Each structure stands twice: as structure tokens, then as C-alpha cells.
Amino acid sequence: MSEDVVSTGEGIAEKDDARHAMKMAKKKTAREKIMATKTDEKGLIIVNTGKGKGKSTAGFGMIFRHIAHGMPCAVVQFIKGAWETGERDLIEKHFGDVCQFYTLGEGFTWETQDRARDVAMAEKAWEKAKELIRDERNSMVLLDEINIALRYDYIDVAEVVRFLKEEKPHMTHVVLTGRNAKEDLIEAADLVTEMELIKHPFRSGIKAQKGVEF
């Protein structure tokens with residue numbers, strides 16, 4: 001390869017690098033202007049919903065962030081009481097001083113086949129959730145699978161929304177997970193993420209597996 005060709009190639013690469021650097025500098029400046037306007041802090045109402053996998057996983061990710069920062073937090077599980085999960089085992093064994101963990105569900109409703117008992121357990125879980133949210137020492141409270149309890153009207157969504165709007169301490173984050181979140185809750189939330197299902201191994205005959213689902 002001739003020196004002229006090499007020189008031309010290097011010149012093009014230098015111009016591309018310069019254009020890229022200029023483009024990124026403009027983006028950085030624009031981003032800094034936007035960030036300069038974001039000065040408020042508040043406790044968020046966060047909803048993870050949708051048919052896709054990862055709703056509870058994302059909620060526990062934020063709980064583990066709180067634990068890592070030494071920030072008191074709490075979890076109330078509304079449905080998965082019959083399951084032994086890695087998250088619950090880890091928190092109860094090693095981080096119970098930072099994160100309170102309450103499993104008050106008895107499994108999915110088709111397992112119990114007892115609506116009255118399901119309603120009673122959901123109401124008990126909601127009472128504990130309110131107690132934990134009112135405690136301003138808790139920076140975050142995760143209400144795992146509460147959306148399922150709301151979907152079946154085990155708990156009144158209007159009561160949940162009213163409580164979150166009127167009684168939740170200003171700096172407390174509350175995370176509500178589960179598919180089919182009700183519109184009233186979505187409207188009241190600050191952050192809503194819908195997990196979209198594209199593929200799932202269950203459809204191929206693969207069962208729930210330790211370390212992935214629980």
C-alpha cells in the first residue's frame with residue numbers, strides 16, 4: 001500500500017474522530033443543561049407491570065441497591081408465599097438488619113381455590129404494607145405482586161391510591177409489581193414500566209428454574 005493511500009486513510013479517520021468528538025461534546029452540553037434543571041427529590045410511586053418477565057426482579061434490584069447503601073427498606077410479598085426464593089433467603093439470612101421481609105401470601109389464587117382466605121391474606125399484607133410505608137425510616141417498600149391482588153379485587157385499588165397520595169411520606173419510594181396493573185394506579189404513579197413478552201422458555205416446555213425465576 002502506497003504512502004499516499006495510508007495518508008489519505010489516516011486523514012479520513014482523523015476527520016471522523018473529530019466529527020465524533022464534536023458531536024459528543026454537543027450532546028454532553030445539551031445533557032448538562034437538561035440535568036441542571038432536575039433539582040427536585042421525592043419518594044416515587046413505581047409500578048412494574050406487563051406480561052413479560054422481570055417485574056419482581058427489577059423491584060428487588062432497587063431493594064438491593066438500598067441494602068448496598070445501608071438504607072433501611074422493606075418487602076411485602078402478596079402472592080408468592082408458597083415459594084422459597086433466593087431473594088428472601090439472602091435478605092433474611094444476611095441483611096435482616098437493613099431490610100424487613102414479610103411473606104403474607106399463600107400462592108396464586110388458583111392454588112388456594114379459596115377466595116375468602118385469599119382476600120383475608122391480601123388485606124393482612126396490605127395492613128403490614130401501610131405500617132411499613134408510614135415508618136419514615138424505610139426509604140423504600142416493595143409490594144411484590146400486589147397488582148395481582150388488586151386485579152382480583154382482594155384489595156380496593158381506590159384505597160391503595162388514596163393511601164399512596166395522602167399518607168405516604170414524601171421521601172419514601174414504593175414499588176408495586178405484578179401484571180395487569182389497574183389504570184388508577186398507573187395514573188397515580190411517577191414511574192411505570194411495562195415488561196413486554198417476546199419469548200418465554202415456558203412455552204417451549206421449560207419449567208421455572210432456580211436462579212432464574214426464584
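1. Lys-182 has a relative accessibility of 26% and therefore counts as partly exposed, a class that lies between buried (under 20% relative accessible area) and exposed (over 50%), calculated with a 1.4 Å probe on protein chains only. The model is a predicted one, in which local features need pLDDT of at least 70 and side-chain atom pairs count only at pLDDT 80 or more, whereas totals for chains, interfaces and linings use all residues. Residues are numbered from 1 along each chain as its sequence is written, and side-chain values rest on heavy atoms, with hydrogens and water left out.

2. The partner of Lys-182 is Asp-153, and the closest N and O atoms of this salt bridge are 2.6 Å apart; the term requires a side-chain nitrogen of Lys or Arg within 4 Å of a carboxyl oxygen of Asp or Glu. Asp-153 sits in the loop between helix 6 (146-151) and helix 7 (157-166), while Lys-182 sits in the loop between strand 5 and helix 8 (183-188), so the pair ties together parts that are 29 residues apart in sequence. Helices (H or I, at least four residues) and strands (E, at least two) are DSSP runs numbered from the N terminus. Asp-153, with a relative accessible area of 49%, is also partly exposed.

3. In total the structure holds 10 salt bridges. One of them joins the side chains of Arg-137 and Asp-135, at 2.8 Å from N to O, and Arg-137 counts as exposed at 64% relative accessibility. Another links Arg-162 to Glu-159, with the closest N and O atoms 3.4 Å apart; these two residues lie 3 residues apart in helix 7, which means that about one helical turn separates them. Arg-162 is partly exposed at 29% relative accessibility, and Glu-159 is partly exposed with a relative accessible area of 22%.

4. What residues are linked in a network of salt bridges? Glu-159 and Arg-162 belong to it, together with Glu-127, Lys-130, Arg-134, Glu-166 and Glu-167. Lys-130 is found in helix 5 and is buried, its relative accessible area being 9%. If its neighbours within four places in sequence are left aside, Lys-130 is in contact with Glu-159 and Phe-163, where contact means heavy atoms within 4.5 Å.

5. Helix 5 (residues 115-134) has 20 residues and should span 28 Å at 1.5 Å a residue, which agrees with the 28 Å between its end C-alpha atoms; the expected span is 1.5 Å times one less than the number of residues. The buried residues of helix 5 include Asp-118, Met-121, Trp-126, Lys-128, Leu-132 and Ile-133.

6. The count of aromatic pairs comes to 3, with rings of Phe, Tyr and Trp (its six-membered ring) pairing if their centres lie within 6.5 Å, and with planes under 30 degrees apart called stacked, over 60 edge-to-face and the rest tilted. Trp-126 and Phe-163 form an edge-to-face pair, 5.5 Å centre to centre with 80° between the planes. This pair links distant parts of the chain, Trp-126 being in helix 5 and Phe-163 in helix 7, 37 residues apart, and both residues are buried. Tyr-152 and Tyr-154 form a stacked pair, 5.8 Å centre to centre with 25° between the planes; Tyr-152 is partly exposed at 29% relative accessibility, whereas Tyr-154 is buried with a relative accessible area of 6%.

7. The sheet is open, with 6 strands in the order 3-2-4-5-1-6 and parallel pairing; two strands pair if DSSP finds at least two bridges between them. Strand 3 (99-103) and strand 6 (191-194) are the edge strands, each pairing on one side only, and the twist averages 10° from one strand to the next. Strand 2 (residues 73-77) runs parallel to strand 3 and is joined to it by 5 bridges, and the bridge partner of Ala-74 in strand 3 is Gln-100.

8. Helix 2 (residues 55-68) packs on the sheet, where it touches strand 1 (45-49), strand 2, strand 3, strand 4 (140-144) and strand 5 (173-177), and its direction makes about 160° with that of strand 4. Helix 3 (residues 86-94) lies across strand 2 and strand 3 and runs at about 135° to strand 3. Axes are lines fitted to C-alpha atoms, for helices over the stretch in contact, and angles run from 0 to 180 degrees between N-to-C directions.
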